Amino acid sequence: REKRQATVADAMRLTPPPSTFAGAAARSLSAAALAALLSVSSITPSVPPAFGPAAAQAKELASGSGSRVNKDPISLLRLALPRVSKEARELQAGLEECQDNLARLNGQVASSALQKAKVAAGKSGAMLKSVPPAKAAEAQAALDTINAAMDEVGAKIAASRQGEALAATERALGAVTQLQEAMASGYAQPSPPKEFASLPYLKGRATVDLVLQPGKEHGQFDVEGKLYKQLEVKMVVDGYTSPITAGNFVDLVRRGFYNGMHIQRSDGFVVQTGDPSNELEGSGADAKKNGYVEGGKVRKIPLEVMVRGDKDPIYSATFDDDGRGGYAAAMPFNSYGALGMAREEYDPDSASSQWFWLLFDSDLTPAGKNLLDGRYACFGYTVDGARLLSDVKEGDIIASAKVSSGESNLVLPTAPALAVAAE
């Protein structure tokens, strides 16, 4: 496994591999391996030491417990929402446990988990108190949907129709997301530190739709034997935990920065793009500026990582730098197609426009031992079409990337802030 980890580390760098991993390698072979995989064209990520501070208790980890890893991007997004009541978390946990066991055809355990969810749903009064008045009707409608769906789940389990029970559980969880988002709407999200006032940031979330087409030498995409002329993926980016990273990405997408850009790295562990200097000859890109150029300079954004349970992200430092190596990340690199920001190895504030999809492998990042969390910014997840990324190759093209929802959540810097930054 160490050999595979080393390969992974190389794959996750910026157009040049992330060197952050290289430094960690001195402390741990597995960290070194992973570091190589995670670098950018000329930007590299860092890896946590294999024997760092004790990790948080498994039950506190967004990555799950024991050897189980939560790979569900929708679940992980729910877990990252702020201002969600304890009762709503219990409701989510019961339904997700029910969903998991139905998928494993374990109806008896699923039924037990459903009962836990029903107990939590019975605390609707406490949950509604956590919802802003303007969202109360929406939250009540979500609770009504949840209760009706749970009744259906119980009936389908009793009738041994587990496929239909699973579908009803997923409807209930969709309503749980609506309920929790209603709670989160009352969150007063703070602005990033003043030193970053010249950068855009995202309040809440946004959705980005991206279309990929095969390069000249690729032909068609072949995903598990099915051919595609183009791939469509949907990504949710999170401004609650990484406002500047997510805001920078949404700003570049809305500007059309990634349209027509090629995939610049694909090695089975990451799919990476975003370096304009790495485009084909004749593109007009400045080979010395591997990022988004604004006012004659490359726009740089700080490393932005957040410990689960914290109110604000950590800026310009890793979890290890902050003395919390091994702690659970609010947005862990657990899901296939997780979005990560590439940067240089020894400069935490060197990210600009290069980013990657992580093709998650639980063997390489077991629960509680993720080598990327807290060293790179995970700013979102691919919520639809993630598995299609498995056949994306270098030279394939981003035909289009657009913000389909949440663009109004983007906060652009004011003219005074930009003037101060220029000085």
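Tutor: Start at Leu91. Setting aside neighbours within four places in sequence, Leu91 is in contact (heavy atoms within 4.5 Å) with Ala117, Ala120, Ala121, Met127, Ile146, Met150, Val176 and Leu179. This is a predicted model: local features need pLDDT of at least 70, side-chain atom pairs count only at pLDDT 80 or more, and totals for chains, interfaces and linings use all residues. Residues are numbered from 1 along each chain as its sequence is written, and side-chain values use heavy atoms, with hydrogens and water left out.

Leu91 is found in helix α5 (helices are DSSP runs of H or I, at least four residues, and strands are runs of E, at least two, both numbered from the N terminus). Leu91 counts as buried because its relative accessibility is 0% (buried means under 20% relative accessible area, exposed over 50%, partly exposed in between, with a 1.4 Å probe and protein chains only).

Now look across to Leu114. Leu91 and Leu114 are 23 residues apart in sequence, and their C-alpha atoms are 9.2 Å apart in space. Leu114 is one of the buried residues of helix α6. Seen down the axis of α6, the buried residues fall within an arc of 120 degrees (taken from the directions from the axis to the C-beta atoms), so they line one face of the helix. In general, an α-helix has 3.6 residues a turn, so residues three or four places apart point the same way.

What does that buried side of α6 pack against? Its buried residues pack against α5 (86-103), α7 (124-129), α8 (136-158) and α9 (162-184). The face of α6 turned away from the buried side carries the exposed residues Gln108 and Val119.

Last, step back to the whole protein. It has eleven helices and 18 strands. Buried residues make up 54% of its 423 residues. Of the contacts with a separation of 6 or more, 74% are between residues 24 or more positions apart.
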